[in-house]
Amino acid sequence: SSVMERHFLEAGYPQKKICVLNHGTDIYKPMRRDDGNVRFLFVGSADPFRKGIRLLLEAWDSLRLKDAELLCLVSWEILASKKLTQLIMKNQNIAVKSCVNRNEYFEELKNSDCQILPSLADSFSLSIGEGMGFGKPAIISSETGIKDILTHGRDVYITDSGSIDQFKKAILYFYNNREKMRNMGIAAYDTVKKRSWETFGEDLIKVTESLYK
């Protein structure tokens, strides 16, 4: 992604030796929720701190939204953080869960309305792409590589990385505009359909052949 390209350039790699080739995504069937609370989903089992869970929990806790839920799919080790534990335990609309298999993870994707990922550094984020494969929109930071294939305001909401205020504004935007959130999810689904793994494979072959030649 362009995010990783920038890091390589900052590390001293020459531009001519870098080729940006975005990942593919899995495409499923759009799953729409019409009833119940607005349900946001954070996926950060590998490294939730790098993916911005502290920013997310602080933003969510200060909003105190009614009829809204936040589920964090993470490893249980993060509860070793006293501050995170306090934020989670005092807000009844925050839940933490550790998924044990992919089927369970997909069920949580289907039962969500919007993914949210305030990453401080993220080369791409396959989880966001997988959610969009179910027709789910997302709020992501400017340091999330999947932004390369998305357009702010059409199929994603992009905020500056590290800005709690901007993430609060983004959450409120979807919370107060459920129909717009659904429409953005449809647009996201249409976008990722163009980035299937088959398309990725074709692009990879072209890049490999060009390097060989």
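Two residues are in contact when heavy atoms of theirs lie within 4.5 Å of each other. The model discussed here is predicted.

Tyr 173, Phe 174 and Asn 176 in helix H6 are in contact with Arg 178, Lys 180, Met 181 and Met 184 in helix H7. H6 covers residues 164-176 and H7 covers residues 178-193; their axes are 5 Å apart and the packing angle is about 100 degrees. Angles of 65 to 115 degrees count as roughly perpendicular, so H6 is roughly perpendicular to H7. By type, the residues of this contact comprise 4 nonpolar, 1 polar and 2 charged.

The next topic is the interior. In soluble globular proteins, nonpolar side chains tend to be buried together. In this model the largest nonpolar core has 41 residues, and those touching the most other members are Phe 40, Phe 42, Leu 57, Leu 70, Ile 116, Ile 139 and Ile 171. Helix H2, residues 53-63, gives the most to this core, with 5 residues. Leaving aside residues up to four places away in sequence, Ile 116 touches Phe 40, Leu 41, Phe 42, Leu 56, Leu 70, Ile 139, Phe 167 and Ile 171. There is also a second, separate core of 8 residues, among them Leu 41, Val 43, Leu 109 and Phe 134.

Finally, consider Thr 159, which lies in strand E6, residues 157-159. Is Thr 159 buried or exposed? Its relative accessible area is 1%, and buried means under 20%, so Thr 159 is buried. Not counting residues up to four places away in sequence, Thr 159 touches Ile 139, Ile 140, Ser 141, Ser 142, Gln 166, Phe 167 and Ala 170.

How values were computed. Residues numbered from 1 in each chain as written. Predicted model: local features only at pLDDT ≥ 70, side-chain atom pairs only at ≥ 80, totals over all residues. Heavy atoms only, no water. Helix = DSSP H or I, 4+ residues; strand = E, 2+ residues; numbered from the N terminus. Buried < 20%, exposed > 50% of the residue type's maximum accessible area, 1.4 Å probe, protein only. Core = buried A, V, L, I, M, F, W, Y, C linked by side-chain atoms within 4.5 Å. Axes fitted to C-alpha atoms, helices over the stretch in contact; angles between N-to-C directions. Parallel < 35°, antiparallel > 145°, perpendicular 65-115°, else oblique. Nonpolar A, V, L, I, M, F, W, Y, C, P; charged D, E, K, R; others polar.
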